[in-house]
Amino acid sequence: MKLNTYISTGVLAILASLSIMSCESDFLQKDPITDITKENFFNNPQDLETYTNGFYSYISAPYTDVFSDNISVYTGASNTDNLLRGSITPANIDGWDWRQLRSINYMLENSGKATGDQALIRHYKGVAKFFRANFYFNMVKKYGDVPWYSNVLGDTDDALYKPKDPRALVMDSVMSDLEYASANVLPAKTNNTMITKWAALTLLSRVALYEGTFRKYHDELGLQDTSAKFLNRAVTASQDIISNGGFSIYNTGKGAEDFRALFASNSLAGNKEVIFLQKNNKDQGVSNNTHTVLGWQWALSGSLADEFLMKDGTPFTSVTDYDKKTFTEVFANRDPRMAETIMPPGYATIPNGDPYMLQPAFGGYLQIKFYPRDPSLRGGWELNYTDLPIYRFAEVLLVNAEAKAELGILTQGDLDNTVNLLRRRVKMPDLSMLAANATPDNYLAKQYPNINGGNRGVLLEIRRERRVELACEDKRLDDLFRWKSGALLGQASKGIYTPALGAMDVTGDGKPDIAILEAPGKEDPLSNVPADIRAKLTKFYISDGVFYLSGGTSGNIMFEKDRRLPRTFIDPKYYYLPIPASQLILNPKLKQSPGW
């Protein structure tokens, strides 16, 4: 995400002076702070506004699920991928970066000298606390226990070398910051490109759900008795947004087209589903890189494709031989969100153009969610001009439903006002709490064996709904971790099903488009294909060593990387990243992450 255009040159210079790294000599980046900044700034609300505008570069709009079980294969670098393959160690891991925190604490420490409109001063302090809470939330997700710092430290401060604070203390502090932000950030001080009360409450509800479920399912923490406190706050925060925020699900009656509009539109400024927005504008030179979702470094997984329901609301995984459906067959009569997330047969990047061809080396399920459909909004690398939602109302509804289900207080009315609003947008049948709990889906139950109780069935369906509604919005990995379902990451990923070596129709016109063959020259499987069609086939070879078929000459596309470097999830060790070994040398009081 590029910096927003409203960040002034002055504030960039200020933040740059606070962000000079000194990792080799100091584990907390004790950067110099200029006297000019300290003495001549933070005098009024305008100064606070200028400074906090610089924080917006700390948060960006997500448009991928790299790396999670929603991804089939990823050719880039990922700590999670390296973790699962056993190549991460404290000696080679990066991270433990505190520069953002120092800038935020510097503002909060000096904001007390500001005079003027006190409501505005509290507003900008609330914005700063929002960003501090977001920083620490991300640190806790990575490391568990971390040191809590609420002030800027000098070179001789003993606190520089303090041990980690307990997760419970840090998360209570995070919640305190968010409570302040949600109480003091003004509801409509600015438009939805800036932090408002509702954005603060959205983050509060997300954090509360995460921590409540993490504590509930991670019994090794010994914090299960405190999970309900967070779940209840997730309910009340999300309900406040639902009741008082003025937001609604974008639904003009166009079904899948309405869902698509949230991720491929030139402007979302007036969209009532968008709570917090990354605004992109060609004239202002603010853009994104969303065209890379299609066929660049990753594709989506077969397990994600399998979870989209049939159009009648029944599970696809209950269909006879669902796991042997070809690429053109799996899209028939499915939840319309599937074809807005995964490239369907016949999809073209240019209206009335030739179909875009799937890539077996990526598994075949290419991502199109967030791909700019209008060619005029695609200009190349970092030159796409679609607006991107950072927070949207759909997530708030799902938080509300899940937290209530976990607490055992969910009603059918709650489902109708949350999950079923999302289903109705795309003309899917309502979720029935009674039916879901009476016959929990066996496919989902095998994925989440640690769910029990009377709400088991509806909880499984809410998890399905999160996966399909929020796919590619960078939520899946967090969900797996908080549900203590990391074992799903240890499973080898799969792509499309291939009934036999030879030619395949992947565009839906009934004519073969590609061929998967054992090796160049071994074209016997094409002997019955007419010569004119054979000449046009795009050929892919197993001998290239990128993918193979699970059954040898048939089956799902699988990946040689998973066979060569198998994935393994070590529970509970892999729920945390290791702290870099160099930081433990600089601060001997730090203890390494659990299991490392």
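User: Does Q447 count as buried or exposed, and which residues is Q447 in contact with, leaving aside its neighbours within four places in sequence?

Analyst: Look at relative accessible area: under 20% is buried, over 50% exposed, and in between partly exposed, using a 1.4 Å probe and protein chains only. Q447 has 13% relative accessibility and therefore counts as buried. Beyond those sequence neighbours, Q447 is in contact (heavy atoms within 4.5 Å) with E307, R467, R476 and L488.

User: Now helix packing: at what angle do α7 and α8 pack?

Analyst: For α7 (residues 167-184) and α8 (residues 197-217), the angle is about 160° and the axes lie 8 Å apart. That makes the two helices roughly antiparallel, a label for angles over 145 degrees, with under 35 roughly parallel, 65 to 115 roughly perpendicular and the rest oblique. The crossing of α7 past α8 is left-handed, that is, the near helix is turned anticlockwise from the far one by less than a right angle (clockwise would be right-handed). On the α7 side, the contact includes M171, V174 and L178, and on the α8 side it includes L204, V207 and F214. By class, this contact has 14 nonpolar, one polar and five charged residues. Nonpolar covers Ala, Val, Leu, Ile, Met, Phe, Trp, Tyr, Cys and Pro; Asp, Glu, Lys and Arg are charged, and the others, Gly among them, are polar.

User: And how are α9 and α14 placed to each other?

Analyst: α9 (residues 227-244) and α14 (residues 393-407) pack at about 140°, with axes 9 Å apart. They are therefore oblique to each other. α9 passes α14 in a left-handed crossing. Among the residues in contact are L231, V235 and I242 of α9, together with F393, L397 and A403 of α14. That contact divides into twelve nonpolar, four polar and two charged residues.

User: What is the value of phi at W96?

Analyst: Phi of W96 is near 60°, positive in a residue other than glycine. W96 sits in the loop between α4 (79-84) and α5 (99-110), and is buried at a relative accessible area of 1%. K427 also has a positive phi, near 65°, in the loop between α16 (419-425) and α17 (433-438). At 54% relative accessibility, K427 counts as exposed.

User: Which residues does a cis peptide bond join, with omega about -10°?

Analyst: V66 and F67; F67 is in the loop between α3 (45-53) and β1 (71-74). The bond from D571 to P572 is cis too, with omega near 5°, and P572 lies in the loop between α22 (560-564) and α23 (581-586).

User: What average pLDDT does the protein have?

Analyst: pLDDT, the predictor's confidence in each residue from 0 to 100, averages 93, and 93% of the residues score at least 70. It stays under 50 over residues 1-13 and over residues 16-36. Where pLDDT is low, the predicted coordinates should not be read in detail.

Definitions and conventions. Residues are numbered from 1 along each chain as its sequence is written. This is a predicted model: local features need pLDDT of at least 70, side-chain atom pairs count only at pLDDT 80 or more; totals for chains, interfaces and linings use all residues. Side-chain values use heavy atoms; hydrogens and water are left out. Helices (H or I, at least four residues) and strands (E, at least two) are DSSP runs, numbered from the N terminus. Axes are lines fitted to C-alpha atoms, for helices over the stretch in contact, and angles run from 0 to 180 degrees between N-to-C directions.
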